[in-house]
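Let's take a friendly walk through a protein model. Please have a look at the sequence and the fold first.

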Amino acid sequence: MNIISIDPGKTGAIACLTTECELVSLIDMPLIQLNNQTYINVVKIIEFINDNKVKSVIIEKVGSQATDSKQSIFTFGKNTGAMQSAVACAVTDIKYILPQKWKSATGFIKKDKKAPAKKCCEIYGAELFTGPRGGLLDGRGDAVMIGIAAIKLGMFK
């Protein structure tokens, strides 16, 4: 069985994993530009889910920080809502996981933000988790580790 795991946000990513933690497919959060605004591409999300023939999705349950501006909170909420609506159009089994829970399950509590991407480089190869200039793509690492945590925690049977 395959599952989809999502690190929401414009710099997030979407991963498809088997329940044996094999990485099937991975994309950055699909975006579109329209009238000088960046939006989540909901059509691409639905296509990714349908192409991978999954019935279950795990999404990181995120919130705002006290230091976030009102505008950034509003924009993030709007984009997260669009992503969640796209997922709901494609599947009925949607689960959420808190950052603390997936990080605890995968050993990333109090670790560097790039640590999940570094671990993914070791497991799956650096080419999927590094950008063209060699920087780590932490959204991809987080998306994969969210899925691995959900599998380890028995959230999908």
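Predicted model: local features only at pLDDT ≥ 70, side-chain atom pairs only at ≥ 80, totals over all residues.

Residues are numbered from 1 along each chain as its sequence is written, and side-chain values use heavy atoms, with hydrogens and water left out.

Start with helix α4 (residues 115–124) and helix α5 (residues 138–152), whose axes come within 8 Å and cross at roughly 75°. Helices here are DSSP runs of H or I with at least four residues, strands are runs of E with at least two, and both are numbered from the N terminus. The axes are lines fitted to C-alpha atoms, for helices over the stretch in contact, and angles run from 0 to 180 degrees between N-to-C directions. Angles of 65 to 115 degrees count as roughly perpendicular, and α4 and α5 are therefore roughly perpendicular to each other.

Which residues of α4 and α5 meet? From α4 come Pro116, Ala117, Lys119, Cys120, Ile123 and Tyr124, and from α5 come Asp138, Gly141, Asp142, Val144, Met145 and Ile148. Contact means heavy atoms within 4.5 Å. The residues of this contact divide into eight nonpolar, one polar and three charged. Here Ala, Val, Leu, Ile, Met, Phe, Trp, Tyr, Cys and Pro count as nonpolar, Asp, Glu, Lys and Arg as charged, and the others, Gly among them, as polar.

Within α4, the residues Ala115, Pro116, Ala117, Cys120, Cys121 and Tyr124 are buried. Buried means under 20% relative accessible area, exposed means over 50%, and partly exposed lies in between (1.4 Å probe, protein chains only). The buried residues of α4 pack against β2, β3, α3 (99–106) and α5. After α4 comes Gly125, with a positive phi near 105°.

**The nonpolar cores**

A nonpolar core is a set of buried Ala, Val, Leu, Ile, Met, Phe, Trp, Tyr and Cys residues joined through side-chain atoms within 4.5 Å. The largest one has 25 residues, and Leu17, Leu23, Ile58, Tyr124, Phe129 and Val144 touch the most other members. Two or more residues each come from β2 (13–18), β3 (23–28), α4 and α5. Helix α5 gives the most to this core, with eight residues. A second, separate core of 16 residues includes Ile4, Ile6, Ile45 and Val57.

The structure holds one aromatic pair. Tyr124 and Phe129 form this tilted pair, at 6.4 Å centre to centre and with 35° between the planes. Rings of Phe, Tyr and Trp (its six-membered ring) pair if their centres lie within 6.5 Å; planes under 30 degrees apart count as stacked, over 60 as edge-to-face and the rest as tilted. Both Tyr124 and Phe129 are buried.

| Residue | Relative accessible area | State |
|---|---|---|
| Asp142 | 6% | buried |
| Arg140 | 16% | buried |
| Thr92 | 81% | exposed |

Leaving aside neighbours within four places in sequence, Asp142 is in contact with Asp7, Trp102, Lys113 and Pro116. Counted in that way, Arg140 touches Ala13, Leu26, Asp28, Leu128 and Phe129. Thr92 sits in the loop between α2 (70–90) and β7 (93–97).

Methods: Parallel < 35°, antiparallel > 145°, perpendicular 65-115°, else oblique.
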